[in-house]
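Here is a friendly walk through one protein model, written for reading beside the sequence and the coordinates. Please keep both in view as you go.

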Amino acid sequence: DAALFLILVEVLMGTIILGGLVPSDLVILWGLLVVIGALIVLSIRAAFLWSLAYGITLILAGLNLTPEQ
């Protein structure tokens, strides 16, 4: 669980630092590794919860919380 969480955090931070979804060349897609990893290693219920976490990460990345320059 810790490794999956760290993947999501790293992908979200990378996307925000680079300026959003398009400027970061869709780095957020690497977050799919969390869902795939959860499906391989964990139960179906846990994989569903991790996919929800990935969805929340997509929403946060889409908000582009960085200030305009």
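## Burial and overall layout

Of the 69 residues in this predicted model, 30% count as buried (buried is under 20% relative accessible area, exposed is over 50%, and partly exposed lies in between, with a 1.4 Å probe and protein chains only). The protein has three helices and zero strands, giving the pattern α-α-α along the sequence. Helices here are DSSP runs of H or I with at least four residues, strands are runs of E with at least two, and both are numbered from the N terminus. The C-alpha atoms fill a box of roughly 45 × 20 × 15 Å along the principal axes.

Residues are numbered from 1 along each chain as its sequence is written, and side-chain values use heavy atoms, leaving out hydrogens and water. As this is a predicted model, local features need pLDDT of at least 70 and side-chain atom pairs count only at pLDDT 80 or more, while totals for chains, interfaces and linings use all residues.

## The nonpolar cores

Which residues make up the largest nonpolar core? There are eight: Leu4, Leu8, Val34, Val35, Ala38, Ala47, Trp50 and Tyr54. Helix H1 (2–17), helix H2 (32–41) and helix H3 (44–63) each supply at least two residues of this core. A second, separate core of five residues includes Val11, Leu12, Ile16 and Ile28. A nonpolar core is a set of buried Ala, Val, Leu, Ile, Met, Phe, Trp, Tyr and Cys residues joined through side-chain atoms within 4.5 Å.

## How the helices pack

Two packed helices are described by the angle between their axes and the distance between the axes. Axes are lines fitted to C-alpha atoms, for helices over the stretch in contact, and angles run from 0 to 180 degrees between N-to-C directions. H1 and H3 pack at about 15 degrees with their axes 10 Å apart, and are therefore roughly parallel (angles under 35 degrees are roughly parallel, over 145 roughly antiparallel, 65 to 115 roughly perpendicular, and the rest oblique). From H1, the contact uses Leu4, Phe5, Leu8, Leu12 and Thr15, and from H3 it uses Trp50, Ala53, Tyr54, Thr57, Leu60 and Ala61; contact means heavy atoms within 4.5 Å.

The axes of H2 and H3 come within 8 Å and cross at roughly 175 degrees, which makes H2 roughly antiparallel to H3. Here Leu32, Val34, Val35, Ala38 and Leu39 of H2 meet Ala47, Trp50, Ser51 and Tyr54 of H3.

Trp50 sits in helix H3 and is buried, with a relative accessible area of 14%. Which residues does Trp50 contact, leaving aside neighbours within four places in sequence? They are Asp1, Leu4, Phe5, Leu8, Val34, Val35, Ala38 and Leu42. Trp50 and Leu4 are 46 residues apart along the chain, yet their C-alpha atoms are separated by 8.2 Å. Ala38, in turn, touches Leu4, Ser43, Ala47 and Trp50, not counting residues up to four places away in sequence.

Thr57 also has its place in helix H3. Thr57 is buried, at 7% relative accessible area. Beyond its neighbours within four places in sequence, Thr57 is in contact with Leu8, Leu12 and Ile28.
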